[in-house]
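Welcome! Take a moment to look over the protein shown here, and then let us walk through it together.

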Amino acid sequence: MRRLLAGRALSLLSACCAVSACGWLLAAEPTKAAPMIAAPTDAAPSIQEVADADGQIIAIEARSLPADGLMRLNQRPDSQAALARVLNVTVDDPAASQTAMAGSYTVRPGVLRFTPRYAFRAGQGYRVVLHWSELGPGAASDVIDRFRAPAQAGAPPAEVTAIFPSAASLPENQLRFYLHFSAPMARGAAYDHVRLLDRRGRPVDLPFLELGEELWDPRQQRLTLLIDPGRIKRGVQPRESVGPVLRSGEQYTLVVQASWLDAQNRPLRQALAKHFRVGPPIASAIDPAQWQLRVPAGGSRDPLAIDFLWPLDHALLQRMLAVRSAAGTPIEGEVRVSHEERRWELRPALPWPLGKFEVVVDRALEDLAGNRIGRPFEVDQVGPITQQIQTGVVRLEFEIRAPR
């Protein structure tokens, strides 16, 4: 039953394009690695772990490979898939899936580097295989290596630092939660350690869309939990047969259990619970024309503030709004989301100059229920869909004037 509902919900999610993939994943951030030593061209092929300045393994390299074979693969249109057949990494556990870890490949003369999408888990063993035969004829035997990711000495166990949305009242069609942690977490056990309880303390049955690939950011410090969209949308089978996850007028508690292990294989410092009540659903599309801009005076470093009619998605607000001058120059500064995600602020790095500016808003911005700019989440799937999905940006103009 669980897999059936999840499959239907996932299909619905894809068809509606209601959840922005941009909100799930963030671009990988560069990691400062220890200096690399050039591989000797006459040495036997080898596998090496690459560590950063703190001794944490951040990548795997196969060295002393034939440079011409590597470059040939790297120039193919499917270069990443081709290089993945040369070097792959799996969890070294017979009980675990032997699917190769996701990540990216880079090439330099004689060296192939694999950087995992998610950090190696401390204390976990890994198996690395260099398939020499993929590089061309006259190949040697496969090279196999095993390593264990070290624990980070002296670091405190992880704890939950925030749960978003932060409001105490959420709409009935609430779509997602974000869990923020102080340190990287272990992957693969999220749905075993998060509970949604009703007002009587009873678990809500299968509230989340349980994806095989959990929705972590690259640092493994932010997890996206999706309410099963098949139980949000009216007129679809999961909601009709099982009912909605959240009901207006009811109270719930989202519990993060302390038994959840962080990336160092230690339980969380403590459990955390978020209590909230549920109100009516939000069925309207986002309309930026209804936002209120609070414009600072010229020469100050006061923030530009935008107040929304209702809370918007916390993660998307961090990167789907930008401020530019009339000439198109980005205004750099510190972004802050507050007032239970009803306000966005930009405090500039330099004092505001006088002149005209614009707020550039990506149309993929969503509210708590998955409604977008110009497009509500609830689109009629039975009758014809007359409203086109709009892409691009919305621009809100304002002017910075001298103080009175």
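This briefing starts with the whole protein, then turns to one proline and to some aromatic rings. Please keep in mind that the model is predicted.

**The protein as a whole**

- The protein has 404 residues, and 46% of them count as buried.
- Its accessible surface comes to about 20100 Å², and carbon and sulfur atoms make up 51% of that area.
- Look at contacts between residues at least 6 apart in sequence: 68% of them join residues that are at least 24 apart.

**A closer look at Pro267**

- Where does Pro267 lie? You can find Pro267 in the loop between strand S14 (251-256) and strand S15 (272-279).
- Pro267 has a relative accessible area of 44%. Buried means under 20% and exposed means over 50%, so Pro267, at 44%, is partly exposed.
- Leaving aside residues up to four places away in sequence, Pro267 touches Pro157, Ala258, Ser259, Trp260 and Leu261.
- Met185 is 82 residues from Pro267 along the chain, and the C-alpha atoms of the two are separated by 9.7 Å.

**Aromatic rings that pair up**

- To describe a pair of aromatic rings, we give the distance of the centres and the angle of the planes.
- How many aromatic pairs does a search of the whole structure find? The search finds 13.
- One of these pairs is Tyr126 with Phe147: the ring centres are 5.4 Å apart and the planes meet at 20°. Planes under 30 degrees apart count as stacked, so this pair is stacked.
- Tyr126 belongs to strand S6 (residues 125-130) and Phe147 to strand S7 (residues 143-148), so their pairing ties together parts that are 21 residues apart in sequence.
- Are these two residues buried or exposed? Tyr126 is buried, with a relative accessible area of 4%, and Phe147 also counts as buried, at 8%.
- Another pair is Trp352 with Phe357, whose ring centres are 5.7 Å apart and whose planes lie at 85°. An angle over 60 degrees counts as edge-to-face, so that is the name for this pair.
- Trp352 counts as buried at 2% relative accessibility, and Phe357 counts as buried at 5%.

Key. Residues are numbered from 1 along each chain as its sequence is written. This is a predicted model: local features need pLDDT of at least 70, side-chain atom pairs count only at pLDDT 80 or more; totals for chains, interfaces and linings use all residues. Side-chain values use heavy atoms; hydrogens and water are left out. Buried means under 20% relative accessible area, exposed over 50%, partly exposed in between (1.4 Å probe, protein chains only). Contact means heavy atoms within 4.5 Å. Accessible areas come from the Shrake-Rupley method with a 1.4 Å probe; for residues, only the protein chains shown count as cover. Helices (H or I, at least four residues) and strands (E, at least two) are DSSP runs, numbered from the N terminus. Rings of Phe, Tyr and Trp (its six-membered ring) pair if their centres lie within 6.5 Å; planes under 30 degrees apart count as stacked, over 60 as edge-to-face and the rest as tilted.
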